Amino acid sequence: MTSLATPTRTITYREAMREAMSDAMRNDPRVFLMGEDVGRYGGCYAVSKGLLEEFGPDRIRDTPLSEAAFVGAGIGAALAGMRPIVEVMTVNFSLLALDQIVNTAALYSHMSGGQFNVPVVIRMTTGAGRQLGAQHSHSLEVWYAHVPGLRVVTPAMVEDARWMLPTALEDPDPVIIFEHAALYNSEGDLPEDGAPVDLDRAVVRRLGSDVGLITYGGSLPKTLAAATELAEEGISAQVLDLRSLRPLDTEAILATAASTHRIVIVDEGWKTAGISAEIAASIAEGAIWELDAPIRRVCSQEVPMPYARHMEEAALPQAAGIVAAARELVGR
Amino acid sequence: MSDSHHLELLRQMLRVRRFEERCAQLYQAEKIRGFLHLYIGEEAVAVGVIGSLQPDDAVVATYREHGHALARGMDPGAVMAEMYGKMEGCSRGRGGSMHLFDASMRFYGGNAIVGGGLPLAVGVALADRLRDRPGVTAVFFGEGAVAEGEFHESMNLAALWNLPVLFCCENNLYAMGTALERSESQTRLTLKAASYEMPAWEVDGMDVLAVEDSARKAIESVRSGGGPHFLELQTFRFRAHSMFDPELYRSKEEVEVWKERDPIELYKSRLITDGGLTEDELAAMERGVAEEIEAAVAFAEAGTWEPVEELTRFVYSEVVPS
C-alpha cells in the first residue's frame, strides 16, 4: 500500500475525517454538514472543529436534539438535489432516527420504481471501550447492514477515514459511515497522493497462512495486535479488514477461508444474529470444504455494556481472546 | 362563480371522487389488492391546497393520497395502473395505492408511516432554500400524526430555520379508529403550531373555496419568506379507514351528519345557485370525468407485469452520479 517512494504524513483518524469533509465542501456546493453540536461546539468528538469558521452556519448546521427530524431532513434534502452529510452523535441515538433511515432512505429508490434516489451520507460513532455505560456503547451497525438499499462502511484506517467520504458522497444511494470512537485518536501515515477509494471491497491488512482473522472497524487494531502476538509464537495469521458490511465482500471472505483453512471472526457486536453469523454462514455456504477446523467467533458477551472497567473489558473482544481462539484452531 | 376556475375546482373534486368510487369497485373485483385508503369526503382539501401550488413547488403526502396525486396533475392511468400493480404504474407497480410517486411533478410520495413524511418535507424545503429556489413544500398528514414525535420535531425544525413548508393537517377526527379526544390532551391543533411560533389557521375543509383562500394566503406568505405555516383542515372521511374496517368506533349518525356537508354537493349547489351552473353542464362534466376514469382503467387493464427478473432493480439507484 504505502510504498517508500510515496511521500506520507502522519495524521489522526479524526483529522483525516475532518479533512475529507472540508475538502468535499470546497469541491461541491451541494455538500453541507448537519447534526447536533457540529458547529459552535466543534463536534462531540471534535471531528468538525473549525469547519464553522470556514464554511459558515448554513453549511455547518447545528441542529436541535431531534434525530428523526434532522436525519429525515437530510434525506429530504438529498432527494431534492443536495449532498448532505448528517452527523448523528452516536449509533445509540440513531435509533431515534431508525424510521427515517429504514423506512425512507432505504426504500425510496425501489418503492418509487427508480424515480427517486437518496444521496445522503450519515456518519455516526459506534462502539464501546471508554466506560460510557450501556446506553452509549452499542455496536449496532449490523442492524443497518441488514437492510437492502443502504450501504454500510466501517473505516478503520486513516486512509479510509480520509478517502471513503468522497466516494460515499458520489454514491447516489444512502451510505452510513460508522466511526468507532476508539479510533479517532489513532494515527497513521497518509500518502500525499491519495485518492477516493471503493466502498465495497475488503482488504487484507496482514498476509498469513495458518489462520484467517476477519474483522472490521474498531476491532481491527486489536486483531492486528493479536496477529503480531501469534507471529511471535510462530503462527502466521492473515487479517482481513471487511471495510464494508453492506455489501459484504464475500469473495474476499471465501478467499481468506480458502488460503488459511481456519477462520476466527472478530466483532464487537453481539454474536446472536450478528454480522459474525452472516460471515460464518457465507463461509459455510461457499467454502466449507476448505476448512480444517470449526469457525470461531470472538464477539461481545451477550450482556448490556457495564460501566466498571474490568467488567467492560471482560464483555468486549480482546487481543488475548483472539489469540486463544486462533491457537485452539491450529492445535496449539 | 361560473368562470372556468370555479368550474375546474368542481371538476377536480369530481375526478377524485369518481376515481375512488371506481377503485372501491375494482377492489371488490380483486383488481386492486393490499391496503386501499379512500379519501372520499376530503376532496376539497387536496384540490383546494394543491391547486394553489406552482409547478416548482413540492408535495409530500400520506398513504391516503390518490386525491393528492390526481390534484397534482399525475396521469390517472399511471395512478390506476399502479394500483393494479402494473409496470406502467407511476411507481412501476412497486408501490401500490400507498406509494404513488412522480418525480417530474415533485410529488415525493405516499409515505405510509404516520408522521414519516414530515422530516422529509423539511429537508426538501431546506434544499430549495439552500439552492435559492422559490419552491414551497406542502406536506399532508392526518391529525393522528400530531401525536408523533416526528411531527413536533419537524414543526420545530422548520420554524427554527424559517423554511418554506406548508404543514397541512387533514383533521378527519379519527386516527384509524382512535378519536382525536382519545389521543390528544389538547385537541385545538393550531395551538400546537402556535407553540412553535408558527402562523396557524383552522379551515373548513368541506368548503373548497375556504380551503383555496387559506391555502393561497398561506402559500404566498411562505413563499415570500414568512416561514412555515400550519393549516388545520377540518374534514371527515365518509368511508371506512381501509377496506378492512368495520367502523365500530363511530356511529352511522355521525357519518350521516357529516355527509350533509359533502364538499362536492355543497359546492355544486353554490355553483348552481350563485353561478348559474346548469344540469346539462354538470352532466357533461360528469361524462368527461367518467370517460377519463374509464380510460385510466383501460390503461391499467392493458398494462403489463414487470418481469420477475427485474425484482432487484432499483434497490440501489441506476442514476449516474453527476
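## Nonpolar core

A nonpolar core is a set of buried Ala, Val, Leu, Ile, Met, Phe, Trp, Tyr and Cys residues joined through C-beta atoms within 7 Å. A residue is buried if 20 or more other C-beta atoms, placed from the backbone, lie within 10 Å of its own. The model is predicted: local features need pLDDT of at least 70, side-chain atom pairs count only at pLDDT 80 or more, and totals for chains, interfaces and linings use all residues. Residues are numbered from 1 along each chain as its sequence is written, with chains lettered from A and ligands numbered from 1 in the order in which they are written.

The largest nonpolar core holds 195 residues, of which Leu213(A), Val264(A), Ala326(A) and Val122(B) touch the most other members. Helix 3 (residues 67–79) of chain A gives the most to this core, with 9 residues; helices are DSSP runs of H or I, at least four residues, and strands are runs of E, at least two, numbered from the N terminus.

Beyond four places in sequence, the contacts of Leu213(A) include Val264(A), Ile322(A) and Ala326(A). Contact requires C-beta atoms, placed from the backbone, within 7 Å.

## Sheet

In chain A, 5 strands form an open sheet of mixed pairing, in the order 9-11-10-13-14. The edges are strand 9 (203–206) and strand 14 (296–300) of chain A. Strands pair if DSSP finds at least two bridges between them.

Strand 10 (residues 211–215) and strand 11 (residues 237–241) of chain A pair in the parallel sense over 5 bridges. Ile214(A) stands opposite Leu240(A) in strand 11 of chain A.

Definitions and conventions
Buried ≥ 20, exposed ≤ 12 C-beta atoms within 10 Å, placed from the backbone. Contact = placed C-beta atoms within 7 Å.
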